[in-house]
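Open the model in your viewer and keep the selection panel at hand. The tour moves from stop to stop.

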Amino acid sequence: MFVSGLLLGAADAQGKLDWDRWFSPRRTDLLKVSIALVLLFMAFRLGFTNGLVPDSMALRFDLYNNRGEFALVYLLNFAGLAYLIAWLLVAGREAESPVARTAGTLLNRLFTWRFLTFIGKHSLQVYAYHVVVVYVILGFDGRIGPFTEGTKTAITLLAIASLMIPAWIHANYASWIDQGGRLAPQPAAEGRTRN
């Protein structure tokens with residue numbers, strides 16, 4: 001996933017990628033396929049989760065429903081949802097459909113939100129931090145839990161808010177090193193500075 005994004009970003013930076021070919025407001029054939037996939041797998045998930053599918057049928061589909069091995073169901077659902085979101089981000093604001101225009105506008109606002117752009121600039125550090133946070137939360141859940149739904153929601157919101165910590169540390173690391181590793185800012189230097 002990361003390498004694919006890296007390759008697409010490099011191709012885009014070199015001008016070798018024609019986004020309009022895949023994500024044009026006039027190109028809705030792949031969009032319709034992605035919407036159909038997302039709706040199909042949403043029905044699939046709701047049907048199995050709520051017991052609407054008979055057990056004999058559910059057992060046949062279990063092979064394709066293994067999250068740990070990123071089975072076919074998850075791969076196709078991910079591909080459909082990824083294309084749908086990418087299309088809405090790139091072409092949604094210029095679409096003929098008012099629903100697509102609204103969704104495209106809202107997604108663009110979400111992805112340009114300062115909190116998300118800041119943690120996105122430090123994504124490797126945030127990713128590494130989130131792995132540690134997940135294991136710490138799982139450890140607490142195993143030792144102290146189970147938690148109520150309200151407590152789970154509070155823990156989740158605090159964990160999301162804490163993603164700012166590694167991003168902030170990484171953003172300020174160079175100035176900390178310049179200041180001799182101290183957190184407090186040093187007084188302004190007299191004379192000529194490198195800034």
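Which residue's side chain meets that of Glu149 in a salt bridge? Select Glu149 and Lys152: their side chains form the bridge, 3.5 Å from N to O. A salt bridge here is a side-chain nitrogen of Lys or Arg within 4 Å of a carboxyl oxygen of Asp or Glu.

Before going on, some ground rules. This is a predicted model, in which local features need pLDDT of at least 70 and side-chain atom pairs count only at pLDDT 80 or more, while totals for chains, interfaces and linings use all residues. Residues are numbered from 1 along each chain as its sequence is written, and side-chain values use heavy atoms, with hydrogens and water left out.

**Stop 1: helix H9**

Stay on the pair. Glu149 and Lys152 both sit in helix H9, residues 149–161. They are three residues apart, about one turn of the helix. Helices (H or I, at least four residues) and strands (E, at least two) are DSSP runs, numbered from the N terminus. Glu149 counts as exposed because its relative accessible area is 57%. Lys152, at 37%, is partly exposed. The classes: buried is under 20% relative accessible area, exposed is over 50%, partly exposed is in between (1.4 Å probe, protein chains only).

**Stop 2: the whole chain**

Zoom out and color by secondary structure. The protein chain has ten helices and zero strands. Of its 195 residues, 20% count as buried. The chain exposes about 14900 Å², and carbon and sulfur atoms supply 66% of that area. Accessible areas come from the Shrake-Rupley method with a 1.4 Å probe; for residues, only the protein chains shown count as cover. Now the contacts, meaning heavy atoms within 4.5 Å. Among those with a separation of 6 or more, 51% join residues 24 or more positions apart.

**Stop 3: the largest nonpolar core**

Select Phe23, Leu31, Val38, Tyr83, Leu84, Trp87, Leu88, Ala91, Ala95, Ala100 and Leu107. These eleven residues make up the largest nonpolar core. Helix H3 (29–49), helix H5 (72–90) and helix H6 (98–111) each supply at least two of its residues. H5 gives the largest share, four residues. Such a core is a set of buried Ala, Val, Leu, Ile, Met, Phe, Trp, Tyr and Cys residues joined through side-chain atoms within 4.5 Å. In soluble globular proteins, nonpolar side chains tend to be buried together.

Center on Ala95. Beyond its neighbours within four places in sequence, Ala95 touches Pro25, Trp87, Ala100 and Arg101. Then move to a second, separate core of five residues, which includes Phe115, Ile119, Val126 and Ala167.

**Stop 4**

Select Ser24, in the loop between H2 and H3. Is Ser24 buried or exposed? Ser24 is buried, because its relative accessible area is 5%. A polar atom of the Ser24 side chain lies 3.1 Å from the backbone nitrogen of Arg26. Leaving aside neighbours within four places in sequence, Ser24 contacts Trp19, Trp87 and Ala91.

Next, Asp20, in helix H2 (residues 19–22). Asp20 is partly exposed, at 42% relative accessible area. With neighbours within four places set aside, Asp20 is in contact with Pro25 and Arg26. Draw a C-alpha to C-alpha distance from Asp20 to Trp87: 10.0 Å in space, across 67 residues in sequence.

**Stop 5: the other salt bridge**

The salt bridge count comes to two. Select Asp29 and Arg27, whose closest N and O atoms are 2.8 Å apart in a salt bridge. Asp29 is partly exposed at 44%, and Arg27 is partly exposed at 25%.

**Stop 6: a surface patch**

Show the surface and select Leu81, Ile85, Leu110, Phe111 and Trp113. They form a nonpolar patch with about 460 Å² of accessible area together. Patches are made of residues with over 30% relative accessible area and no salt bridge; like charges are joined within 9 Å, nonpolar side chains (Val, Leu, Ile, Met, Phe, Trp, Tyr) within 5 Å. H5 and H6 each supply at least two residues of the patch. Phe111 lies in helix H6 and is partly exposed, at 45%.

**Stop 7: Ser162**

Finish at Ser162, in the loop between H9 and helix H10 (164–178). Ser162 is buried, with a relative accessible area of 13%.

Conventions:
Polar contact = N/O pair within 3.5 Å; in protein donor to acceptor, adjacent residues only side chain to side chain.
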